[in-house]
Amino acid sequence: MKRRIGICVIVFAVLVTTVILFSLNQGEPETPAEIGYGYDSETAEEPEELVPVNAVRVAYAYILRAYHGRVAVYRPDSEEIYMETSILVESLPAEVFEDLKDGIGFMDEAGLFDFLESYSS
């Protein structure tokens, strides 16, 4: 009888210890990978820019960007240069230079050429 009580006490102690260890390992996941979203910080790409729901997207016909120290014209659907200019990026006002980093869009050729004429020498 004493032996049976001893075995029961040991089994109970093992069960209690197992439950305690299991509950300690059930904390909140710390990373997206632990959550299971397939996120891998080493291969993850930059998240897309969030655009407010009420934001209006404008489809530009031409976009100006810097290319090797000069202003270049791109089409929005291509990464190839549409037209190179002789306008040096360093000759632009600071505000225009900052805008050029994100790209300056134009709806039509007339607006594009007005801008280019105003900064060409």
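Me: Helices are DSSP runs of H or I with at least four residues and strands are runs of E with at least two, numbered from the N terminus. In which strand is the place of S86?

Reply: S86 belongs to strand β3. This is a predicted model, where local features need pLDDT of at least 70, side-chain atom pairs count only at pLDDT 80 or more, and totals for chains, interfaces and linings use all residues. Residues are numbered from 1 along each chain as its sequence is written, and side-chain values use heavy atoms, leaving out hydrogens and water.

Me: Is S86 buried or exposed?

Reply: S86 is exposed, at 57% relative accessible area (buried is under 20%, exposed over 50%, partly exposed in between, with a 1.4 Å probe and protein chains only). The C-alpha atom of S86 lies 8.6 Å from that of A72, although 14 residues separate the two along the chain.

Me: How should I read the sheet: in what order do the four strands come?

Reply: Strands of a sheet pair through backbone hydrogen bonds, either parallel or antiparallel. Here the order is β3-β2-β1-β4 in an open sheet with antiparallel pairing (two strands pair if DSSP finds at least two bridges between them). Because β3 and β4 (104-106) each have a single partner strand, they stand at the edges, and one side of each is left without a neighbour in the sheet. From one strand to the next, the twist averages 30°. Take β2 (residues 70-74) and β3 as an example: four bridges join these antiparallel strands, and Y74 of the pairing stands opposite I81 in β3.

Me: Now the rings: how many aromatic pairs does a search of the whole structure find?

Reply: A pair of aromatic rings is described by the distance of the centres and the angle of the planes. The search finds three pairs (rings of Phe, Tyr and Trp, with its six-membered ring, pair if their centres lie within 6.5 Å; planes under 30 degrees apart are stacked, over 60 edge-to-face, the rest tilted). One of them joins Y62 and Y82: the centres are 5.5 Å apart and the planes at 50°, so the pair is tilted. This pair links distant parts of the chain, with Y62 in β1 (residues 62-67) and Y82 in β3 (residues 81-88), 20 residues apart. Y62 counts as buried at 7% relative accessibility, whereas Y82 is partly exposed at 42%.

Me: What about F115 and Y119?

Reply: F115 and Y119 make a tilted pair, 4.8 Å centre to centre with 50° between the planes. Both sit in helix α4 (residues 109-119), and because they are four residues apart, about one helical turn separates them. F115 is buried at 16%, while Y119 is partly exposed at 29%. Ring pairs also bring in F106, giving a cluster of F106, F115 and Y119.

Me: And which residue forms a salt bridge with E98?

Reply: Side chains of opposite charge can pair when their charged atoms come close. K101 is the partner of E98, with the closest N and O atoms 3.2 Å apart (a salt bridge needs a side-chain nitrogen of Lys or Arg within 4 Å of a carboxyl oxygen of Asp or Glu). Both residues lie in helix α3 (residues 94-102), three residues apart, about one turn of the helix. K101 counts as exposed at 53%, and E98 as partly exposed at 43%. A search of the whole structure finds one salt bridge.

How values were computed. Axes are lines fitted to C-alpha atoms, for helices over the stretch in contact, and angles run from 0 to 180 degrees between N-to-C directions.
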